[in-house]
Amino acid sequence: MTKAVRIVGLAIIAFVAGSMSSVCFAAEASAEQLYATLAKLPADQREKRLEEGARKEGKLNFVHTWRGKIARDHVNLFEKRYPFVKVEMGDIGSQDAAERFIAEETAGRHLTDILTLGVPDMAVILKQNLVAKFPTPATKKILKQYQSFIEPENRWTPWYWAEHGISYNTDLIKPDKAPKTWFDLCKPEFKGQVSFDPPETRFMAGLHVMMGEGKVKEWLECMGQNQPIIQQGHTQRMELMLTGDHAVQGDNYFYVGVEHKKKDPKTPFAMVLTAPVLSFAGAMIINKNTQHPYASALFVDWTLSQDSQNLINDILRGPLTIKHPYLPDNIKLVTYNIVGDDITKRLHEAWNQSIGRLK
Amino acid sequence: MATSSLRWEAGTRPPLMSGGRIVVISLVVILAYQVLVPLLLIIWTSLKTIRPGEPGFLELSFTLANYARAYGISEFWEASLNTLYFAFLSSVCAFFCGTFLAWTVERTNMPLARLIGMITLGRIIIPGVIITISWILTASPSIGVLNHIINALAGVPRFLNIYSFWGMVWVQSLEMTPLAYLLMSAAMKSIDPRLEEASAIAGAGTWPTFRRVTLPLILPAAAAAALLLFIQTVESFEVPLLLGGRARVAVYTTQVYFNTSRTPTDWGLSSTYSIVLLFLSMVLLYIYFQLVRHGERYQTITGKDYRPRRIDLGGWKYITCALSLVLVFFITGLPFLTMLYASLLPRFRPPTAEVLETMTLINYKTLFSEGSYALKPLWNSTLLGVSAASIVMLLVAAISYFVHKTRLGGRKILDFLAFAPIALPSVVLGSAFLWLYLLVPLPIIGTLSIIGLAYLTRYLPFALRFVSTSMVQIHTELEEAAAVAGGGWWRNFYHIYLPLLRPGLMAGWFWVMVHAYRELTISLMLARSSNRTASVIIFDLWSNGSFQQLSAFGVLMFTILIILVSIAQNVSARYGIQERV
């Protein structure tokens, strides 16, 4: 019996090991070469070629980092415009999407054609050289104030932007007593009343661009002394604040509160627009080993189309080619893309020392 | 067969027949594939600084760098100490509450016993995220409904604080109580009443009889319950994350989460952390085996009458009933009512006349407005839950038989293999399956099969303890008698053990089915467009911040699972299984 168990065990290990060494197969013809060639064509011919190619491919595997209905509405809109491309969509969070994409590619399984990520979360994918460079005329439509989101090397294509800012519950804090700057959050009246998510690269990167490393560390230290609330889940935190659980969102997306206010004008929500708002782009990247290069390119171009941008506007996110649905033009916008690994690592450590360490 | 059976001596066990051998070999193969491969992958990864799939990952060069990193920081040890306190206190509370409910429901003449049992189990159906949020809405210092009431009645503001260590223990204890109840009630159904009657005749009261007769008889179930409660609390994530973060209390799982949640995931570190859980589980399993090593002492189901009779509590039955109702109100009633209330609101606010006027069915309408969004995942979960539960229970029934009823050499390896996955956090197990099937070219990525296979591994340890506690109560004399009458191994197993294992099998089936329905981490890691499960939708709704829609989905899920369990009971009853879960 013991011998049988041993034999079976060895067989399984051999099977897995054999499989592991054999699954890495060569990529198809380079998507990058194709995109470089297409980029030389006039816009109308390029688009025609993309449509013809996509029609033949007929399929696209896309990982969306928007979740639920809004992600499906977005894809449905594309399928309505290009009914000959069937989009297989998975919707998972930005970091999970990056992780799974890396896992697939490391294992030599090219299951994802395109994915969308917050640009600050892309560093690791770019570092591993998994992305096809995709020059596209579609980015010409991006408004001037958002052009810093465009990547000079065409490794990603920005198609919306997201904001991180301070907001508060107007039942608990009157507007004249509300914080005006990021350092105001350190004031004693907000002790134990300001909430954050556990540290995220995208937030750390924004703080760094806004303040510089020295000031960020100073801010983290004073925030730590003010006993902030650390709770997982941006939208849940916002809901809890609106219910009166605490007074201030130290860092959160505004759109959740705006959405509530739109549904119910009595919602006690206000944004702090005197403090800079951190903004980063959501961007499309195309897998270097995409199995559907034409459909991938068609989708990425489409994300900057009027249809797609209007949808972004309707769901209160930040469109790039039209005016923002609720933020005024005169706010202090801090735009940023990717910050070096070493910097975010140091800032994470600073966070852990000042705020994040639990007892 | 009959000849060999006649040669058995009293107290010995029947030898394995060739059919049995085939089954054992099959079980070893299944367990090796389902458990050993991911386990080896995790141990291997913990000894590597290279990610799976990268060049050099398969080379025979190892390092302890991950271990030095994981255990070389003081926060890890502080979190571990917190975890032990948290797990010990929560397990003890859950054990006593669950045992009390199991005893009153199964062994006494308390009024409303069946209703109380059903309500206790109903709690398992409600997703953990909803329960934790419900408790935040109930006992948060600022917005907790109970705090509003206490303040209004007694003028004491912020009396309760759910964001505290004791708040965590409270919620976790209530979360775990149904598990203790399920395990203990399955064992209590099978106690030989003659022993309790003898105690009563000898003049012992209800409590001394419970302490000196009933409790020792259910020792295997109690040990199994304590084991599972402790390990599951060590592994728990929702309560520590949502309450512990605010309470500034780090436990093992949150420490692991915060240390490994950056992209790309540090698989070496994650795997190393799970080795601790593996070690802890093995130590606890050893203690469990030591406690139940004299299996024959717990064999209460013999060839004679074993149907338990209920104890008459006299006037105490009403007090017991009231106490049980209060308990199940906290365990299930309050979170369910909060969930129902939230599902009917456009925005959550504490109940006032003004808020009640805003009640609406919009959250349900939204869910149904796009049928495939909510309904297909519900169907997927139903398929996965029912099939995973049925297959797992069949597997563990066979494993348990060979472990407890044969003298097969190395039989405890079967138990170890089936129990080992308890040490693997869901995130690590999910990753192991993802990596496994990315590396092994089987076309199951994106199908329900990959999630189903991961569920099998995930729930084996729990299901095994459910069935083992019932298995040790069955006396071998029944099988010996059948063998004398010429019954083969399979016939005996099918006609004797399976029917006698009904309480454990049904309890385990229910537990696995509901948990498979609720399971999030594995489903999320393995989900693609066509194999999304109900829990992925829950996460969707949670991520999108719609607690109201999430609650509506929870109510929907609760209803479906109640229907499923009722169908299962009726089907079971048709085939002679009359115990209810």
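**A close look at one strand**

Author: This is a predicted model, and in chain B the mean pLDDT is 79, with 86% of the residues at 70 or more. Confidence in chain B is highest in helix 4 (residues 74-107), where the mean is 90, and lowest in helix 1 (residues 2-6), where the mean is 35. Residues 1-12 of chain B have a pLDDT below 50, and the model gives this stretch 13 contacts beyond near neighbours in sequence. Residues 576-581 of chain B also stay under 50, with 15 contacts beyond four places in sequence. Where pLDDT is low, the predicted coordinates should not be read in detail. For the model as a whole, the scores are ipTM 0.71 and pTM 0.76.

The part to look at is in chain A, which has 13 helices and 12 strands. Of its 359 residues, 50% count as buried. Among the contacts in chain A with a separation of 6 or more, 81% are between residues 24 or more positions apart. From domain 1, 12 residues take part in the contact between the two, and from domain 2, 13 residues.

Now take strand 3 (residues 114-118) of chain A. Is strand 3 of chain A enclosed or open? Five of its five residues are buried, so strand 3 of chain A is largely enclosed by the rest of the structure. A:Ile114, A:Thr116 and A:Gly118 point one way from the strand, while A:Leu115 and A:Leu117 point the other way; all are buried.

Which strands pair with strand 3 of chain A? One is strand 1 (residues 59-64) of chain A, which pairs with strand 3 in the parallel sense over two bridges. Here A:Phe62 stands opposite A:Ile114. Another is strand 10 (residues 277-287) of chain A, which runs antiparallel to strand 3 and is joined to it by five bridges. In strand 10, A:Ile285 is the bridge partner of A:Leu115.

To put the strand together: strand 3 of chain A pairs in the parallel sense with strand 1 and runs antiparallel to strand 10, and its five residues are buried.

Conventions:
Residues numbered from 1 in each chain as written. Chains lettered and ligands numbered in written order. Predicted model: local features only at pLDDT ≥ 70, side-chain atom pairs only at ≥ 80, totals over all residues. Helix = DSSP H or I, 4+ residues; strand = E, 2+ residues; numbered from the N terminus. Buried ≥ 20, exposed ≤ 12 C-beta atoms within 10 Å, placed from the backbone. Contact = placed C-beta atoms within 7 Å. pLDDT = per-residue confidence, 0-100. Pairing = 2+ DSSP bridges.
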